[in-house]
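Please keep the sequence and the structure at hand while reading.

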Amino acid sequence: MNAPRCIAFVALLAFTAPFFAGPAVAQSAMAAAVAKPVSLPDIAIGSPKAPVTITEYASMSCSHCAAFGENVFPMLRSKYIDTGKVRFVFREFPLDVAAAAASMLARCIARNDSEKYFGAIETLFKLQDRLIRQTKETLNFVGKLNGMSEQDVVTCERDQAMLDKLAADQKYAHETLKVDSTPTFFLNGERLKGSMSFEELEERIKPLLKK
């Protein structure tokens with residue numbers, strides 16, 4: 001997924017430093033910027049006291065994001081999140097209208113329940129090809145699986161306040177955190193761009209657990 005699509009989507013929604021200190025200070029500053037509250041409530045699982053926080057910026061239309069969710073996340077959750085070692089934060093960075101609509105639906109399904117949200121995006125990722133080709137039909141299908149009527153889905157997708165907050169959060173991620181592609185991860189403030197295997201991710205997590 002590339003930067004032009006990201007910028008185009010932000011513009012569609014009517015939104016048009018570097019650190020000069022040492023690496024450790026810069027990473028600490030970036031960690032603070034990532035942790036800063038955003039417009040929409042964060043979707044997070046894992047202990048708030050975990051020594052490692054991983055924040056993922058993902059698009060529901062990103063194939064690498066879907067692959068991470070299917071192949072890496074289950075192992076990450078079993079070994080590190082559920083054992084209290086990692087807190088995982090998922091943030092939306094929609095690269096197109098279908099992805100934005102899917103993110104909104106997941107939030108409507110979840111009603112601020114993180115487990116319901118992760119369940120919804122798991123389903124949406126599995127239906128990604130269908131979501132891109134038949135967006136409305138797929139949204140209705142996933143909504144129905146979660147007890148929503150077609151009118152409920154329409155009402156959700158017409159929530160302008162949510163859409164504006166989604167766009168504002170994406171603008172902040174792009175301009176302040178320098179997110180321009182998906183997936184992008186932050187491990188205690190260190191930005192990592194692109195897909196990673198579980199082994200690659202684990203290699204970065206282990207040193208942080210020893211500090």
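The points below are grouped by topic and concern a predicted model.

**Packing of α3 and α4**

- Helix α3 (residues 63–71) and helix α4 (residues 73–81) pack at an angle of about 45°, and their axes lie 4 Å apart; the two helices are therefore oblique to each other.
- On the α3 side the contact involves Phe-68, Gly-69, Glu-70 and Asn-71, which meet Phe-73, Pro-74, Met-75 and Leu-76 of α4.
- The residues of this contact comprise five nonpolar, two polar and one charged.

**Salt bridges**

- The structure holds nine salt bridges, among them a pairing of Asp-42 with Arg-91 in which the closest N and O atoms are 2.9 Å apart.
- This pair links distant parts of the chain, 49 residues apart, with Asp-42 in the loop between α2 and β1 and Arg-91 in strand β3; Asp-42 is partly exposed at a relative accessible area of 31%, whereas Arg-91 is buried at 5%.
- Glu-202 forms a salt bridge with Lys-79, with 2.6 Å between the closest N and O atoms, and so connects helix α11 to helix α4 across 123 residues; Glu-202 is buried, with a relative accessible area of 11%, while Lys-79, at 40%, counts as partly exposed.
- Glu-92 in strand β3 and Arg-107 in helix α5 are 15 residues apart and form a salt bridge whose closest N and O atoms are 2.7 Å apart; Glu-92 counts as buried at 6% relative accessibility, and Arg-107 counts as buried at 11%.

Terms used
Residues numbered from 1 in each chain as written. Predicted model: local features only at pLDDT ≥ 70, side-chain atom pairs only at ≥ 80, totals over all residues. Heavy atoms only, no water. Axes fitted to C-alpha atoms, helices over the stretch in contact; angles between N-to-C directions. Parallel < 35°, antiparallel > 145°, perpendicular 65-115°, else oblique. Contact = heavy atoms within 4.5 Å. Nonpolar A, V, L, I, M, F, W, Y, C, P; charged D, E, K, R; others polar. Salt bridge = Lys/Arg side-chain N within 4 Å of Asp/Glu carboxyl O. Buried < 20%, exposed > 50% of the residue type's maximum accessible area, 1.4 Å probe, protein only.
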